[in-house]
Amino acid sequence: MRRVLPIALLALLAAALPAAAQSLPEKSEHVVQYRIGVTLDPATHQLAGKQTLTWRNPSTTDAVQELQFHLYLNAFKNTKSTFMKESGGQLRGDQMAKDGWGWIDVTSITTASGADLKPSLTFIQPDDGNRDDQTVVKATLPEPVPPGGSVTLEMAFTSKLPQVFARTGYKDDFYLAGQWFPKLGVYEPAGMRGRETGGWNCHQFHATSEFYADFGSYAVDITVPGDYVLGATGERKGERTNADGTKTYTYEQADIHDFAWTADPDFVVVKAKFSATQDVTPAEYERVAKLLGRSLDQVKLSDVDITVLLQPAHRPQAQRHVDAAKAGLKWYGLWYGRYPYRTLTVVDPAPGAFGAGGMEYPTFITAGSAWLFNYWPFDRIRSVEMVTVHEFGHQYWYGMVANNEFEEAWLDEGFNTWSTSKAMVAAYGADATMVEFLGLRLGDRDMNRASNDPAGRYNRILAKSWEYTPTGVYGFYSYYKPSLVLSTLEGYLGEQAMARLMRTYHERWRFRHPRSEDFFALVNEVTGQDWSWYFDQVVRGTDIVDYDIGSARTRPKNTAQGVFDEASGRKTVSSEDAGKQDADIEKAKRQIFESIVVVRRSGGVQLPVEVAFKFEGKAVERQSWDGREPTKTFRFERPEKLEWVDVDPDRKIALDVNWVNNGRRIEPDRRPAASWTARWLFLLQNIITTLGLL
Ligand SMILES: [Zn+2]
């Protein structure tokens with residue numbers, strides 16, 4: 001049963017939240033161990049790879065005989081792949097190059113003891129049964145891996161990178177190698193993410209889906225032509241020049257679930273250091289520790305080596321990228337927990353390699369920029385910073401708190417969109433985070449609100465990422481709406497309780513795989529209240545939120561006139577008598593005003609809301625409404641006229657699709673009591689909707 005609590009009570013309960021001190025897990029459980037050697041041939045854009053892979057069966061009950069691998073590059077193999085069918089060769093505004101195909105072949109696969117698994121390799125299509133899709137392959141072992149046991153495989157593969165498209169590939173001599181090696185899916189034992197029986201979770205590659213893999217360690221030797229500048233996930237542990245003039249670089253990293261690298265002879269290498277003592281002031285540490293109810297020790301950060309691999313044309317933006325990376329390390333680190341790795345690499349893709357931009361891998365992110373952003377006024381548009389902060393933020397949401405991006409993308413994209421706004425505000429100031437020029441100031445959060453289309457009521461947030469209809473709305477339901485869901489939750493809980501909730505969520509699920517249910521349960525746990533009424537509507541449900549003022553009036557309560565039957569007999573009050581009496585009352589200033597306000601809920605989502613009333617000469621008063629019925633009428637008889645009314649006066653309900661209609665001035669000015677910004681935003685919202693910019 002749904003329970004709706006008065007807002008004031010909700011806030012009160014939230015304020016009483018215990019600080020629930022938890023420690024930050026230092027390490028992940030290592031399920032996989034990859035040792036890879038790969039050589040790039042720039043002439044063919046192919047990678048020759050060998051990998052030794054050890055997999056530990058995480059189940060305590062299941063013996064597992066089958067392994068499932070992602071072969072993502074086969075998404076770009078031909079027009080019959082599920083990815084190509086779904087995307088039509090277009091993604092995120094980017095078009096796949098003609099004949100720029102990519103693929104990956106497993107050329108050999110044996111167990112450590114020499115058993116050949118190659119004959120058992122079979123492509124499977126667990127999501128859509130498209131027989132032509134080769135993005136998932138299964139291998140059968142000669143004997144099962146016992147519970148808690150492990151198996152080591154020797155594999156060889158050849159990958160042909162596509163021309164940069166959908167996060168990976170080459171553009172001239174720029175390379176971004178993402179999803180380039182055979183990567184194990186996740187074996188989920190019974191009980192994990194609500195599973196009833198153990199089994200592989202290994203989805204095909206879709207147009208609108210990202211990834212899901214297990215934690216472990218990677219050690220990768222990458223061989224490239226000697227004049228290439230290389231960057232990769234993790235720490236560089238070695239570098240050697242080979243007889244043929246190529247160079248081999250070794251990178252290692254533990255507690256991660258993916259590995260990407262980049263190479264380009266033109267990169268400008270910018271090195272910087274995030275200093276835990278110089279980039280964060282003692283006052284900032286103290287403020288955050290207090291906000292979170294944690295000790296100073298618990299919020300202490302550590303130093304990180306930052307490498308920005310910049311395109312020469314973007315040289316003037318070097319500091320912007322460094323500052324944004326530091327802003328991410330600082331604010332995400334303070335709020336959710338220390339960044340546990342020693343390195344962070346920020347890649348600025350080559351011109352024309354737009355499809356490789358704005359992407360995240362462990363300790364390695366790709367930014368998004370253009371030469372235009374070197375110059376005024378475009379240097380005031382903080383999209384360069386926003387992309388870097390956002391992609392960095394994925395180190396937390398999906399990188400460490402590793403939800404299944406295929407099935408519940410909102411847990412990373414939505415949480416990260418919300419967190420990006422917060423970090424942008426903390427680093428660059430409220431309202432100035434996206435645009436700040438010519439007197440126009442617009443925050444990242446305003447942009448999220450602007451995307452909240454009143455017509456967006458046909459899908460639910462909680463859906464598999466390739467099942468949104470049409471596919472173009474993936475961005476709205478997994479990024480923007482979820483960020484508004486969290487902002488609205490923060491409106492109800494208050495800033496401190498929300499900060500503690502998110503900290504606790506990160507701590508509990510760092511290096512693990514949560515699902516939505518786990519977040520919902522945690523909200524219930526830390527608030528001591530059942531919030532299913534909220535999540536059922538806004539995450540599982542499809543409808544929208546819109547509160548407005550249906551009508552509002554205030555007028556003198558006049559003396560009654562007409563024929564009245566009283567104990568002493570029938571009595572008539574003429575209009576003249578009544579008028580006289582009213583005039584006397586007015587003269588004596590003893591008038592009573594009758595004010596009637598109808599507040600409406602025009603969306604289907606029922607959320608408790610506050611309504612503010614301002615009477616002449618009086619302080620603003622508030623009343624709560626549970627929002628259950630479509631309308632609520634408020635009546636007052638008072639000596640004061642009602643001046644204005646405003647529903648959700650603090651604008652806590654960020655999910656409200658239109659804030660312009662929330663307020664009403666009674667007289668003499670009947671215009672909506674909305675700020676200029678709110679109106680501007682609503683206009684922007686309409687423009688975005690009209691142009692289909694989502
Ligand atoms: Zn993202």
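Here's a quick briefing on the zinc site, salt bridges and helix packing in this structure. It's a predicted model, so local features need pLDDT of at least 70 and side-chain atom pairs count only at pLDDT 80 or more, while totals for chains, interfaces and linings use all residues. Residues are numbered from 1 along each chain as its sequence is written, and side-chain values use heavy atoms, with hydrogens and water left out.

**Zinc site**

- Three residues coordinate the zinc ion at 2.0 to 2.1 Å: His390 (NE2), His394 (NE2) and Glu413 (OE). Donors here are N, O and S atoms within 2.8 Å of the metal (3.2 Å for Na, K and Ca), and water is not among the atoms, so sites may look incomplete.
- Along the chain, the zinc donors are spaced as H-x3-H-x18-E.
- His390 sits in helix H6 (residues 383–393) and Glu413 in helix H7 (residues 413–428), so this pair ties together parts 23 residues apart in sequence. Helices (H or I, at least four residues) and strands (E, at least two) are DSSP runs, numbered from the N terminus.
- His390 and Glu413 are both buried. Buried means under 20% relative accessible area, exposed means over 50%, and partly exposed is in between (1.4 Å probe, protein chains only).
- Eleven of the eleven residues of H6 are buried, so H6 is largely enclosed by the rest of the structure. Among them are Glu385, His390, Glu391 and Phe392.

**Salt bridges**

- Searching the whole structure turns up 35 salt bridges. The criterion is a side-chain nitrogen of Lys or Arg within 4 Å of a carboxyl oxygen of Asp or Glu.
- Arg508 and Glu525 pair up at 2.8 Å, N to O. Arg508 belongs to helix H10 (residues 495–509) and Glu525 to helix H11 (residues 516–527), and the two are 17 residues apart.
- Arg508 is partly exposed at 25% relative accessible area, and Glu525 also counts as partly exposed, at 47%.
- Arg622 and Asp650 form a salt bridge at 2.7 Å, N to O. Arg622 is in strand S32 (residues 621–625) and Asp650 in the loop between strand S34 (642–647) and strand S35 (663–665), so the pair ties together parts 28 residues apart in sequence.
- Asp646 bridges to Arg651, with the closest N and O atoms 3.3 Å apart. Asp646 is buried at 9%, whereas Arg651 is partly exposed at 22%.

**Helix packing**

- The axes of helix H5 (residues 318–336) and H10 come within 8 Å and cross at roughly 90 degrees. Axes are lines fitted to C-alpha atoms, for helices over the stretch in contact, and angles run from 0 to 180 degrees between N-to-C directions.
- On the H5 side, Gly333, Leu334, Trp335 and Tyr336 make the contact, and on the H10 side it's Met502, Arg503 and His506. Contact means heavy atoms within 4.5 Å.

**A loop residue**

- Glu640 lies in the loop between strand S33 (631–638) and S34, and counts as buried at 14% relative accessibility.
- Leaving aside neighbours within four places in sequence, Glu640 is in contact with Phe593, Phe615, Glu616 and Lys618.
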